[in-house]
Structure formats: structure tokens, C-alpha cells
Number of protein chains: 2
Amino acid sequence: MSQVRVHNFSISLDGFGTGENLTFDAPFGHAGHRLHEWMFATRFGRPILGQTGGSTGVDNAFAERLDVGFGAEIMGRGKFGPQTGPWTGLGTDDEWRGWWGPNPPFHTPVFVLTHHPRPSIEMEGGTVFHFVDAGPQEALDLARQAAGDLDVRIGGGPTVVRDFLAAGLIDVMHVVQVPILLGRGVRLWDGVEGVEERYDVEAVSSPSGVTHLTFTRR
Amino acid sequence: MSQVRVHNFSISLDGFGTGENLTFDAPFGHAGHRLHEWMFATRFGRPILGQTGGSTGVDNAFAERLDVGFGAEIMGRGKFGPQTGPWTGLGTDDEWRGWWGPNPPFHTPVFVLTHHPRPSIEMEGGTVFHFVDAGPQEALDLARQAAGDLDVRIGGGPTVVRDFLAAGLIDVMHVVQVPILLGRGVRLWDGVEGVEERYDVEAVSSPSGVTHLTFTRR
């Protein structure tokens with residue numbers, strides 16, 4: 001059966017998966033790029049910045065799994081864009097197609113969770129953004145149907161990951177802990193007391209300074 | 001010059017250094033012993049439970065440093081006992097001498113921070129509990145004076161460690177992250193945004209499942 005997986009989900013030591021003050025120019029708010037520098041230093045991550053080279057060790061081994069075996073993604077609206085409330089139709093809101101340019105890296109259907117549905121957006125390369133007002137289980141049913149035999153990625157942000165975690169819907173979760181203290185933002189771990197009892201948890205530190213945590217459902 | 005150090009300070013993945021509902025029977029509240037099982041499994045920790053044996057790897061190497069080179073400790077009142085407010089003089093409060101029996105493992109002066117000073121208590125083996133109403137710098141001045149050339153241990157709980165951290169008074173800090181999600185309690189990392197900029201941070205995961213984080217002041 002296809003699995004529900006989280007990969008490369010980066011948090012600060014104090015557990016924030018994103019910072020404060022998200023804008024079009026700052027998708028992670030005051031966190032900047034600090035949560036993902038580890039990934040951009042890998043062979044997997046360098047091309048995202050239009051560069052070559054990169055490390056091929058443990059960070060890269062984990063990072064590459066982000067793209068393997070997925071047939072759909074579920075993301076929160078905050079990952080798609082910084083707008084909140086109704087899509088106003090004023091200027092950039094309607095034209096906004098995410099942070100990823102005309103050919104986003106998903107190449108599958110992507111279900112964007114929002115209380116304000118809007119028509120789907122078809123991009124180059126196979127990515128189609130669907131905007132759905134749905135809870136975790138309902139959204140997962142849609143995504144599984146779209147994914148066929150392939151896995152479903154829970155793409156974040158932190159609120160979406162913890163909602164799916166609390167609902168018991170995640171099979172594999174890879175969290176990357178970065179040694180910075182953001183102090184504010186959105187926490188991954190709120191409301192998931194005792195969730196480790198349902199998982200085998202493995203921690204491995206990388207020479208880069210980050211620690212990879214893998215949760216595998218028992 | 002003598003250093004100010006934190007050792008074996010255990011936190012959950014979600015950053016709690018102690019749980020909720022501290023009592024005489026449960027010094028860490030609903031966390032129970034889960035934050036310190038890694039230590040009790042080491043050669044350093046086994047004797048604390050009256051046992052022999054124990055692991056001698058990375059967990060033990062870190063654990064043993066707790067006892068090396070200290071001339072004084074500073075701890076919060078919550079580490080000394082679960083009482084809050086004025087010492088009532090009713091029954092156990094006056095007789096309470098901490099959780100550690102007649103010969104506590106400190107063997108030095110220990111400065112207990114409290115807004116309710118009381119006479120010092122001299123124990124067997126060199127431990128003397130002094131109760132002082134002081135801020136971090138003032139308490140450190142007292143402890144340094146008592147410690148002479150030796151180091152000063154900041155013994156916790158989480159509120160005390162983060163107060164000293166925020167005040168820029170800690171030279172070395174060893175934090176042990178345990179793969180559990182406590183969900184509630186007292187967080188170590190509140191109010192210390194960006195503190196990593198003043199430290200070299202190293203992370204190393206142990207086969208036991210915990211991750212040792214070492215902060216060394218630059």
C-alpha cells in the first residue's frame with residue numbers, strides 16, 4: 001500500500017518550522033534560508049539554486065528521498081503563498097502560482113489546503129495545484145486517489161504536518177533539526193504529546209551540524 | 001579563569017526540560033524518568049540507582065563530565081524541591097533537604113535561587129545549600145567566590161538555564177535531546193532567539209537514541 005511520507009522537513013532547535021512575518025519575498029519569514037542551507041549544500045539541493053556540485057554524504061542521501069516515489073503532495077496554503085483570507089482578485093493574488101516558477105518541482109497533483117477554494121492551476125511539467133477545503137483524512141483520500149500506487153507527500157508547513165501527525169496519518173517522517181534558535185514562528189511539535197510511542201525514532205547527526213530524525217510507524 | 005557550565009541537561013524533542021505537575025514523588029512531573037534514562041544506563045549513572053555496570057560509550061563520556069572540576073552549583077528552587085511561595089514551616093517544608101538524601105552528590109556549596117531566603121543547610125559530604133534571592137549575575141558572583149579556581153555548574157531547571165543563557169553568562173552547555181514529545185512543562189529554549197550566534201554548536205547522536213548538543217562560547 002502506498003505510504004504517507006514527510007521529507008526534508010526542517011526545524012530549528014526550538015522547534016519552529018517557519019519563522020514570523022511571511023511575505024512574497026520571504027517564504028520562511030525571519031528564518032530566511034537558514035532552515036534549508038543544509039539542503040542547498042548537497043548535490044540534490046545545488047541545482048535548485050542553479051549551481052552544480054554539492055555534498056554526497058548523509059545530508060544528500062536523506063535529501064534525495066524527497067523526490068522518490070511520490071504521486072501526489074498535500075500542502076498548506078501557507079506553503080503555496082503568503083496570502084491569507086479570501087483570494088481578493090486584486091493584483092498578484094490571482095496571478096500568484098506559487099514560489100516555484102512555471103515548472104514547479106512537484107510534477108504531480110498538489111492539493112493545497114485552504115478554506116477558500118478556487119479553480120485548479122495547471123503548470124508545466126505535470127504539476128497541478130488543486131485548492132481544497134478539507135480535513136486531513138478527506139484530503140488524503142483525494143491525494144491517494146490521484147497518486148495511485150505511489151506515495152503521498154505531506155509537504156508542510158508545520159501546521160499541516162502536525163495535523164496529519166495528530167490524526168495518525170503519517171507513515172514515515174524525516175525531520176531535520178538545524179542548530180539555530182528562531183525564537184518565534186510556527187512550531188512543528190505543538191499538540192503531539194506522546195506521538196513517539198507510535199513510531200521507531202532514529203537520530204543521526206551530520207558533519208554539517210544538522211541532525212536527521214526519522215520517524216517510522218511501528 | 002573558571003568557567004560556567006551546564007551538563008547533562010536533558011530535554012524532550014519539543015524542548016521541555018521538565019514536565020508538568022511536579023510533586024515530592026515526581027521531581028520531573030509527568031515526564032517521569034524518561035528524560036534521564038539515557039544517563040541511568042551509563043556507567044556513570046548506574047550507581048545513582050545502586051546498580052553496577054552500564055555503557056561506556058558516548059553517553060557515558062558526556063555524563064561523567066557532570067562531576068569534573070566544579071566548586072559550586074547554582075540551581076533553581078524547583079530543582080531543590082516542589083514547594084512554591086513562602087516556606088510555610090508546616091511539616092515537610094522545613095524538614096525538606098532536597099531529593100538526594102543525607103549525602104547529596106554535589107559536595108560543594110549549592111546556591112538555591114528563591115525569592116524566599118532561609119537559613120543554609122549543611123549536609124554530609126561537603127554539600128551546603130544556601131538560599132539566595134538574587135539575579136543571575138549576583139548569584140554567579142557568590143558562586144564564583146565559593147568555587148575559587150574551580151568551575152560553576154548551572155544545575156537547572158530550565159528556567160534557570162535559560163535565564164543564565166539569556167544573560168550571556170554560560171561558557172559551555174551540554175544539552176541532551178531525548179526522542180520523546182512531552183507536550184507540556186517548562187521549555188528550555190524560550191526567549192533565547194539567536195543565542196547560537198555566540199556559540200559553536202556541535203551535535204552528535206548516540207546509538208541510545210539521544211542527541212548530545214554542545215554549545216561552546218566563541
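**View 1. A:Ser205 beside the rotation axis.** Of the residues of chain A, A:Ser205 comes closest to the rotation axis, its C-alpha sitting at 2.7 Å. This is a predicted model, in which local features need pLDDT of at least 70 and side-chain atom pairs count only at pLDDT 80 or more, while totals for chains, interfaces and linings use all residues. Residues are numbered from 1 along each chain as its sequence is written, with chains lettered from A and ligands numbered from 1 in the order in which they are written.

**View 2. Chains A and B, one laid on the other.** A turn of 180° and a shift of 0.0 Å along the axis put chain A on chain B with an RMSD of 0.0 Å (least-squares superposition on the C-alpha atoms of residues with pLDDT of at least 70 in both). The two copies are thus related as by a two-fold rotation axis. They meet through the same surface, because 100% of the interface residues of chain A are also interface residues in chain B.

**View 3. The open sheet of chain A.** Nine strands line up as β5-β6-β4-β3-β7-β1-β8-β11-β10, with mixed pairing (strands are DSSP runs of E, at least two residues, and helices runs of H or I, at least four, numbered from the N terminus; two strands pair if DSSP finds at least two bridges between them). β5 (121-122) and β10 (199-205) of chain A stand at the edges with a single partner strand each, so one side of each has no neighbour in the sheet. Further in, β3(A) and β7(A) pair in the parallel sense over four bridges, and A:Glu73 stands opposite A:Arg153 in β7(A).

**View 4. Helices on the sheet.** α5(A) packs on the sheet, touching β1, β3, β4, β6 and β7 of chain A, and its direction makes about 155° with that of β3(A) (contact means C-beta atoms, placed from the backbone, within 7 Å; axes are lines fitted to C-alpha atoms, for helices over the stretch in contact, with angles from 0 to 180 degrees between N-to-C directions). α6(A) lies across β1, β3, β4 and β7 of chain A at about 110° to β3(A).

View 5. The buried residues here are A:Pro136, A:Ala139, A:Leu140, A:Ala143 and A:Ala147 (buried: 20 or more other C-beta atoms within 10 Å of the residue's own; exposed: 12 or fewer; partly exposed: in between; C-beta atoms placed from the backbone). Turned away from that buried side are the exposed A:Gln137, A:Asp141 and A:Gln145. Just after α5(A), A:Gly148 takes a positive phi of about 65°.

Notes:
Two residues are in contact if their C-beta atoms, placed from the backbone, lie within 7 Å.
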